Amino acid sequence: MTRPHRGGGLAGSPVVPYPHGGLARHANLPPGERLRVLLVEDDEGDAFLVGELLAETNSMIDLVVATSLSEARQRIIGVDCVLLDLGLPDAQGLDGLRHVLEMSSGAAVCVLTGRTDEHLGIVAVAEGAQDYLVKGQVDGVLLTRALRYAVERKRADVNARRLHEVELRQAESARLERGLLPQPLMTTDQVAVHTFYRPGRHAALIGGDFFDVVQTRPDRLDLIVGDVCGHGVDEAALGVELRVAWRALVLAGVPDDEVLPALEQVLMSERRLQEIFATVATARLDLDANRATVRLAGHPPPLLLSGGRVVPVPAPGGLLLGVRPRRPIAYDLEFDTDDWSLLMYTDGLIEGRVGVGNERLDVPGLSGLLDEPANREVSLPELPAWLVGRAEQINGGPLADDVAMLLVSRGGGR
């Protein structure tokens, strides 16, 4: 039998199928079902034999041949499976396999071994190959089946790995969420606290929004809502650190005016980039005096629901934490009645669009939603979720950013 010219081609030239690689099209099989196999083999006779075996079975496999590892590197793009000889001019044994596994990305890898090297095939599978074949012991049917099975096993492995990665991210998100969104540390029944969190559409992972509630005396309740700029694990972890640091500072009895400056020091020492900042709103409730002290650091103001009206708390906005250290100015809020609610939230709630333009909901729009007659029929525990639903309805779809809310109510709450 006359052996054909190998047709290796020049570096960078288009991938050319091997002339004896089962190139016949099957009329009833979609082109997408064909496999593209790269044979890395420096022996022309063995390469010819592989091509003949595939051609005999009408295998629907397009075979491309490379005679060295360096040539394989140029031809591996778009390949479904690599059929690798362990004895190459520029790579021997498992060293060549490791190089191919590194460059093959999503392609399956089958190893070709001689009869005396069968033990290498077993080791190759342990190293990451999908299968191994012994030269002289395969026919066309077995070769075709082995290549297709290798491709399916590789796909299954990739899918299993992706699923595992998703499960790990979900578990990581759950751990971070427990840190960002704790149960309120309170025993009083003079007020009720309702919490809410919803991740934005930007990612499955939660962002850096956080809240906390701590009761330090029978008549004192401290609340915080904050937002670390950005989304992802690093921002969420920083949000957890800030929340835990705030709780520790409050429980330790640090003077009110020193809590946020200390929190800013934590932010500036723990952030991974100097550009990262956070916004924060805090409120200290004096339940016996029926009053609150509000401090804002670049955060939207809380909304006060009382006497059938909704008004933003006119506290000074303050500077973002992490930009230019400065103490936020305290604002004393006197409640006129024993029926009121204070809504604290992150800016994800008010950044949705209003209509078709670039106008945002913002604080006046949120106040308008709370003033709608329909919300009077919504119970206080369900009010945060109702607000998000209305904001998404006006936005024309899910809100892009995370939303965290604290709703603290006394008496009838309105």
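Student: Is C229 buried or exposed, or something in between?
Tutor: In this predicted model, C229 has a relative accessible area of 21%. C229 counts as partly exposed, because buried means under 20%.

Student: And C81, buried or exposed?
Tutor: C81 is buried, with a relative accessibility of 0%.

Student: How many disulfides are there in the whole structure?
Tutor: The search finds 0 disulfides. For C81, the nearest cysteine sulfur belongs to C110 and lies 4.5 Å away. C81 is therefore in no disulfide, since the cut-off is 2.5 Å.

Student: Changing topic: what is the strand order in the open sheet?
Tutor: The sheet has 5 strands in the order 8-17-16-13-14, and their pairing is antiparallel. Strand 8 (192-198) and strand 14 (309-312) are the edge strands, each pairing on one side only. On average, neighbouring strands are turned by 15 degrees against each other, direction ignored.

Student: How many bridges join strand 13 to strand 16?
Tutor: These antiparallel strands are joined by 4 bridges. L304 stands opposite L342 in strand 16.

Student: Which strands does helix 9 touch?
Tutor: Helix 9 (residues 383-395) packs on the sheet and touches strand 8, strand 13, strand 16 and strand 17. The directions of helix 9 and strand 17 make an angle of about 135 degrees.

Student: Where is confidence lowest and highest?
Tutor: Helix 5 (residues 140-180) has the lowest mean, 77, and strand 16 (residues 340-345) the highest, 98. Over residues 1-32 the pLDDT is below 50, yet that stretch has 68 contacts in the model beyond near neighbours in sequence. The protein averages 85.

Note on methods
Residues are numbered from 1 along each chain as its sequence is written. This is a predicted model: local features need pLDDT of at least 70, side-chain atom pairs count only at pLDDT 80 or more; totals for chains, interfaces and linings use all residues. Side-chain values use heavy atoms; hydrogens and water are left out. pLDDT is the predictor's confidence in each residue, from 0 to 100. Helices (H or I, at least four residues) and strands (E, at least two) are DSSP runs, numbered from the N terminus. Contact means heavy atoms within 4.5 Å. Two strands pair if DSSP finds at least two bridges between them. Axes are lines fitted to C-alpha atoms, for helices over the stretch in contact, and angles run from 0 to 180 degrees between N-to-C directions. Buried means under 20% relative accessible area, exposed over 50%, partly exposed in between (1.4 Å probe, protein chains only).
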